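Please consider the model shown below. The paragraphs that follow lead from a metal site to the overall fold and then to points of the backbone.

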Amino acid sequence: MTDPGVRHTFANMELLTRRAVLAAGLAAAASPALSRLARGTAPESPDITLTAGAARAALSGPAYGETACWGYNGQVPGPTLRVRQGDRLRATVRNALAEPTTVHWHGIRLPNAMDGVPHLTQDPIAPGESFVYDFALPDAGTYWYHPHMNSSEQVGRGLAGALIVEEREPPQVDREVLWVLDDWRLDEGEAITNDFGHPRDLSHNGRLGNIATINGGSPETLDVRAGERIRLRLVNVANARAFGLTFAGHAPQIIALDGQPAAPHAPADGKVVLAPSQRADLIIDMGGKPGERFQVRDEYYARQTYKLIEIAYADGQPLRESPLDAPVRLPANPIPEPDLSAAERHEVLLEGGAMGGMRGAMMGGRRMGMRALVDKGRFWAINGVSFGESDTTIDPLLTLKRDRPVILAMRNETAWEHPMHLHGHSFRVIRRKGQETAHREWRDTVLVPPRETVEVAFVADNPGDWMFHCHVLEHQIAGMMGVVRVA
Ligand code: C2O
Ligand code: CU
């Protein structure tokens, strides 16, 4: 095998090896992947119905049988929604699951009532019921949608889909490709394991799986033509796995992060990092020769790297001899710029988890010791409070004055990484470990490494009660959540 790195450390990594095995076994077969890719980017009508319910997907590829999943409209991932910037999205969500659900439109700066957070912004959608989401899309970019109830299980079983808001004038490319990246924990029979909420996952690095998928399958190749310029949209919908993609022989330019335009730049160390829930838009000029092949690898976890897919060049004439000469910079979205000199600063302390030394926290208004918290499936806290998905007493973690510039300084006192996500706003990542960041990128989710402080800044211009939480969904449900009130 070409993947000596994958058989270490995590018992549950064995099947990533298996995935690599699958890759070898199917290498000669024609790629059914492209039809799936094509279907994944098909436009939807503006009046959308999403039915959350049972679905099936050939996660390991057609040769390996299908897995019973949950999906939207029977699809895994759910249908790709395409809307134009400035238009409205109107989606009727029907619940055909046996449990309540909601849909959250991750990264969209929308009115609070449309945010899809149970108890906080709406009542849960009961089985058999439906809810109409209807909101305007102020920003172009790559976003996604997913439930915000029983999140570890509902997202972990496949409920997630991409939401693409097109620029009025998109940069010129030959083709757009979307990869919804996911990670699954399957048993020998390709079934999703039922160990949701396992304390080990809650207290360590979440429900890492054993098979990574692209658009709900295991495509062998991305088939390209020499000279093509591709815009590759990446969305990480995995519960807990971060991806660090390398593109051998290619020089991808990052043009957007979490949907928001960024000054075009090469990824640091050649690795496009996507923590859970994060997105990146890349421009890739296909500079290889007809017939050549290159690996795209996931090298996020140094001891578990593996080949995700191959870029396969068609034989025959290149589309053009030198790269397309057209600008790749995206027009800015209308986000208010925070005035740092006037900003109100708030410290946000992330605590808990295995080896975190947390002694206790407030929960439901009461002080509780660590053992009592653990009994309730709580391992984490923000600023001394453990808040979970089902908590209904809303005592805001922070109350921000509307239209004021704010800096949040997130200090990670734990032994684990946390991709911290704020609803209803995008923020600039301004400092890491006290140093200014190179790109001051706009994001809605920022990865905070262990023992580090990351500072973000934004204007709190969207009124309402907004969730702020870790997007490792097992951390989210185990207490690393809070409410930020903008009033
Ligand atoms: Cu992807 Cu609370 O969100
Ligand atoms: Cu976390």
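This is a predicted model: local features need pLDDT of at least 70, side-chain atom pairs count only at pLDDT 80 or more; totals for chains, interfaces and linings use all residues.

Donors are taken here as N, O and S atoms within 2.8 Å of the metal, and because water is not among the atoms, sites may look incomplete. Three residues coordinate the copper ion (ligand 2), namely His 418 through ND1, Cys 470 through SG and His 475 through ND1, at 2.0 to 2.1 Å. Along the chain these donors follow the spacing H-x51-C-x4-H. His 418 belongs to strand S26 (residues 418-422) and His 475 to helix H6 (residues 473-477), so this pair ties together parts that are 57 residues apart in sequence.

The view now widens to the whole chain. Its secondary structure comprises six helices and 33 strands. The radius of gyration is 21 Å, close to the 23 Å that the globule rule gives for 487 residues, so the chain is as compact as a globular protein of that length. The C-alpha trace spans about 70 × 50 × 45 Å along its principal axes. Of the 487 residues, 61% count as buried. Among contacts with a separation of 6 or more, 77% are between residues 24 or more positions apart.

As for the surface, the chain exposes about 18,200 Å², of which carbon and sulfur atoms supply 51%. There are 51 positive and 59 negative side chains, and the centres of these two sets lie 2 Å apart.

Some details of the backbone remain. Most residues other than glycine have a negative phi, and most peptide bonds are trans. The peptide bond from Val 76 to Pro 77 is cis, with omega near -10 degrees. Asn 73 lies in the loop between S2 and S3 as well, and has a positive phi of about 55 degrees although it is not a glycine. With a relative accessibility of 33%, Asn 73 counts as partly exposed.

A positive phi also occurs at Lys 433, a residue other than glycine, where the angle is near 50 degrees. Lys 433 sits in the loop between strand S27 (427-432) and strand S28 (435-436). Its relative accessible area is 59%, and Lys 433 is therefore exposed.

Terms used. Residues are numbered from 1 along each chain as its sequence is written. Chains are lettered from A and ligands numbered from 1 in the order in which they are written. Side-chain values use heavy atoms; hydrogens and water are left out. Donors are N, O and S atoms within 2.8 Å of the metal (3.2 Å for Na, K and Ca); water is not among the atoms, so sites may look incomplete. Helices (H or I, at least four residues) and strands (E, at least two) are DSSP runs, numbered from the N terminus. The radius of gyration is taken over C-alpha atoms; the globule rule is 2.2 Å times the number of residues to the power 0.38. Buried means under 20% relative accessible area, exposed over 50%, partly exposed in between (1.4 Å probe, protein chains only). Contact means heavy atoms within 4.5 Å. Accessible areas come from the Shrake-Rupley method with a 1.4 Å probe; for residues, only the protein chains shown count as cover. Lys and Arg count as positive and Asp and Glu as negative; His and the chain ends are not counted. The place of a charge is taken as NZ of Lys, CZ of Arg, CG of Asp or CD of Glu.
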